[in-house]
Amino acid sequence: MSQTARAVSRAFDDALEETGGSLPVWLILLNLKTGRPGNQRELAEAVGVRDATLTHHLNAMDKRGLITRRRDTANRRIHVVELTEAGEDAFVRMREAAMAFDRRLNAGLSDTDRDRLNQLLRHLARNVDAGAGDSPPWAGLAERPATPGPGRTDSR
């Protein structure tokens, strides 16, 4: 399972790299696009990195013109992070690469196969984390929330 996860992860990284992206950049763009994170800590958690690492990625994305950051006028401790036009374009390119990768990864699998695989992965996740409940660790990564948040990040 670990070897398969590494192989799939490397292949996905390669697919994103072809668009000029990376997994952390994709996850940041995806979360900003869907408006889920309310502050930097939530964004870091959603992306799966530490706050300092997120700041590093945001600095690089800002330099590349993918995002803008400004202080919230109501709370100066909060940075509002927004996608620029270049960030929107990067999101679209990486979304297309992610969708193409998903089609390639799932080629030859029936709906029944995918459902069974999902059940097995959930079962394995529950086996290693008794408090995991029914939701797998990857739940919600690409689903749009019912009510998008303001797309803010806390600068602390």
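**From a strand residue to the helix packing**

Modeller: Ile78 is found in strand E2, which covers residues 78-83; helices (H or I, at least four residues) and strands (E, at least two) are DSSP runs, numbered from the N terminus. The model is a predicted one, in which local features need pLDDT of at least 70, side-chain atom pairs count only at pLDDT 80 or more, and totals for chains, interfaces and linings use all residues. Residues are numbered from 1 along each chain as its sequence is written, and side-chain values use heavy atoms, with hydrogens and water left out.

Ile78 is buried because its relative accessible area is 11%; buried means under 20% relative accessible area, exposed over 50%, and partly exposed in between (1.4 Å probe, protein chains only). Its C-alpha lies 8.5 Å from that of Gln40, although 38 residues separate Ile78 and Gln40 in sequence.

The wider setting is as follows. The protein has six helices and three strands, and from the N terminus on these elements run α-α-α-α-β-β-α-α-β. Of the 156 residues, 31% are buried. Contact here means heavy atoms within 4.5 Å; among contacts between residues at least 6 apart in sequence, 56% join residues at least 24 apart.

Helix packing comes next. Two packed helices are described by the angle between their axes and the distance between the axes. Axes are lines fitted to C-alpha atoms, for helices over the stretch in contact, and angles run from 0 to 180 degrees between N-to-C directions.

With helix H4 (residues 51-63), its axis comes within 11 Å and crosses at roughly 85°. H2 and H4 are therefore roughly perpendicular to each other; angles under 35 degrees count as roughly parallel, over 145 as roughly antiparallel, 65 to 115 as roughly perpendicular and the rest as oblique. On the H2 side the contact is made by Pro24, Val25, Ile28 and Leu29, and on the H4 side by Leu54, His57, Leu58 and Met61. Seven of the residues in this contact are nonpolar, one is polar and none is charged; Ala, Val, Leu, Ile, Met, Phe, Trp, Tyr, Cys and Pro count as nonpolar, Asp, Glu, Lys and Arg as charged, and the others, Gly among them, as polar.

With H5, the axis of H2 comes within 10 Å and crosses at roughly 110°, so H2 and H5 are roughly perpendicular to each other. The crossing of H2 past H5 is left-handed; a crossing is left-handed if the near helix is turned anticlockwise from the far one by less than a right angle, and right-handed if clockwise. Val25, Trp26, Leu29, Leu30 and Lys33 of H2 meet Gly87, Glu88, Ala90, Phe91, Met94, Arg95 and Ala98 of H5. This contact has eight nonpolar, one polar and three charged residues.

Asn31 lies in H2 and is buried because its relative accessible area is 1%. A polar atom of the Asn31 side chain lies 2.7 Å from the backbone oxygen of Leu27. The backbone oxygen of Asn31, in turn, is reached at 3.3 Å by the side chain of Thr34. Thr34 is also buried, with a relative accessible area of 8%.

Helix H5 (residues 85-105) also packs on helix H1 (residues 2-17), the axes coming within 9 Å and crossing at roughly 145°. H1 passes H5 in a right-handed crossing. The residues in contact are Val8, Ala11, Phe12, Ala15 and Leu16 of H1 with Met94, Ala97, Ala98, Phe101, Arg104 and Leu105 of H5. By class, 10 are nonpolar, none is polar and one is charged.

Thr19 occupies the loop between H1 and H2 and counts as buried because its relative accessibility is 18%. Leaving aside residues up to four places away in sequence, Thr19 touches Arg93, Met94 and Ala97. Thr19 and Phe91 are 72 residues apart in sequence, yet 9.7 Å apart in space, C-alpha to C-alpha.

Asp89 lies in H5 and is partly exposed because its relative accessible area is 41%.

Note on methods: Polar contact = N/O pair within 3.5 Å; in protein donor to acceptor, adjacent residues only side chain to side chain.
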